[in-house]
Amino acid sequence: GGTPADSHALWMESRVAEGWTYGAIKDFATKSSPCLVPYAELPEAQRRKDALFQASVRAMAAALS
């Protein structure tokens, strides 16, 4: 719930808990991702993607209730 920034923070927490760290490229072998930065530091395109995803999830939840 909450804002896209809240969702990003929760996503980051779960990734870090799984052993992921910041890296210039997303690499599943080394568990590194360039998105492991505070929401405000994400590229604009990534922020829009997060907001769009959150809106889709809300729409599906509303349709199922």
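Student: Is Trp20 buried or exposed?
Tutor: Trp20 is buried, with a relative accessible area of 8%. Keep in mind that this is a predicted model.

Student: OK, and which residue forms an aromatic pair with Trp20?
Tutor: That's Phe28. The two rings sit edge-to-face, 5.5 Å centre to centre, with 85° between the planes.

Student: Why does that count as edge-to-face?
Tutor: Because planes over 60 degrees apart get that label, and here the angle is 85°.

Student: Switching topic: where is helix α1?
Tutor: Helix α1 covers residues 4-17, which makes 14 residues. From first C-alpha to last it reaches 20 Å, close to the 20 Å expected at 1.5 Å a residue.

Student: What comes just after α1?
Tutor: Gly19 is there, and it takes a positive phi of about 100°.

Student: Back to the helix. Where does His8 lie?
Tutor: His8 lies in helix α1, and it's buried, at a relative accessible area of 5%.

Student: Which residues does His8 touch?
Tutor: Leaving out residues up to four places away in sequence, His8 touches Cys35, Val37, Pro38, Tyr39, Leu42 and Asp50.

Student: What lies over the face of Tyr39?
Tutor: Arg47 does, at 5.9 Å from the ring centre. So Tyr39 has Arg47 over its ring face and also touches the buried His8.

Technical notes:
Residues are numbered from 1 along each chain as its sequence is written. This is a predicted model: local features need pLDDT of at least 70, side-chain atom pairs count only at pLDDT 80 or more; totals for chains, interfaces and linings use all residues. Side-chain values use heavy atoms; hydrogens and water are left out. Rings of Phe, Tyr and Trp (its six-membered ring) pair if their centres lie within 6.5 Å; planes under 30 degrees apart count as stacked, over 60 as edge-to-face and the rest as tilted. Buried means under 20% relative accessible area, exposed over 50%, partly exposed in between (1.4 Å probe, protein chains only). A charge sits over a ring if NZ of Lys or CZ of Arg is within 6 Å of the ring centre and within 35 degrees of the ring normal. Helices (H or I, at least four residues) and strands (E, at least two) are DSSP runs, numbered from the N terminus. The expected span of a helix is 1.5 Å times one less than its number of residues. Contact means heavy atoms within 4.5 Å.
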